[in-house]
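Subject: Structure for your files

Hello,

Here is the structure I said I would pass on. My notes on it follow below.

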Amino acid sequence: MSHIDDASTLPVSWWKSTASGAVSDCVEFGIVDERVVAVRDSKNPTGPALLLSYGQVHGLVAAVRDGRFE
């Protein structure tokens with residue numbers, strides 16, 4: 001896993017889940033290439049983004065769905 005300091009510099013189209021709240025608690029995803037997905041805080045589009053593999057994103061989403069985060 002790596003990161004980038006300013007997510008707005010990535011040449012991606014960002015999207016968030018339709019289940020996300022309208023104002024808070026939202027993360028956005030952007031496909032960087034065939035191996036990497038960027039994840040950022042939707043409230044801070046010029047802040048950092050995590051750069052994750054597809055497998056890491058799958059694991060993150062599964063953990064959230066399973067309620068492994070408070």
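Phenylalanine 29 counts as buried, at 15% relative accessibility (buried is under 20% relative accessible area, exposed over 50%, partly exposed in between, with a 1.4 Å probe and protein chains only). Tryptophan 15 is partly exposed, its relative accessible area being 41%.

The model is predicted: local features need pLDDT of at least 70 and side-chain atom pairs count only at pLDDT 80 or more, while totals for chains, interfaces and linings use all residues. Numbering runs from 1 along each chain as its sequence is written, and side-chain values use heavy atoms, with hydrogens and water left out.

There is one aromatic pair in the structure. Tryptophan 15 and phenylalanine 29 make it up, with 6.1 Å centre to centre and 35 degrees between the planes, and the pair is tilted (rings of Phe, Tyr and Trp, the last by its six-membered ring, pair if their centres lie within 6.5 Å; planes under 30 degrees apart are stacked, over 60 edge-to-face, the rest tilted). It links distant parts of the chain, 14 residues apart: tryptophan 15 lies in the loop between β1 (2-4) and β2, phenylalanine 29 in strand β2 (helices are DSSP runs of H or I, at least four residues, and strands of E, at least two, numbered from the N terminus).

The largest pocket has 18 lining residues, with Ser17, Val27, Phe29, Val61 and Val64 nearest its centre (a pocket is an open set of points on a 1 Å grid over the protein atoms alone where a 1.4 Å probe fits, with protein on both sides within 12 Å along at least five of seven lines; lining residues have an atom within 4 Å of a point). Two or more lining residues come from each of β2 (27-31), β3 (36-41) and α1 (54-65). The most come from α1, with six.

Regards
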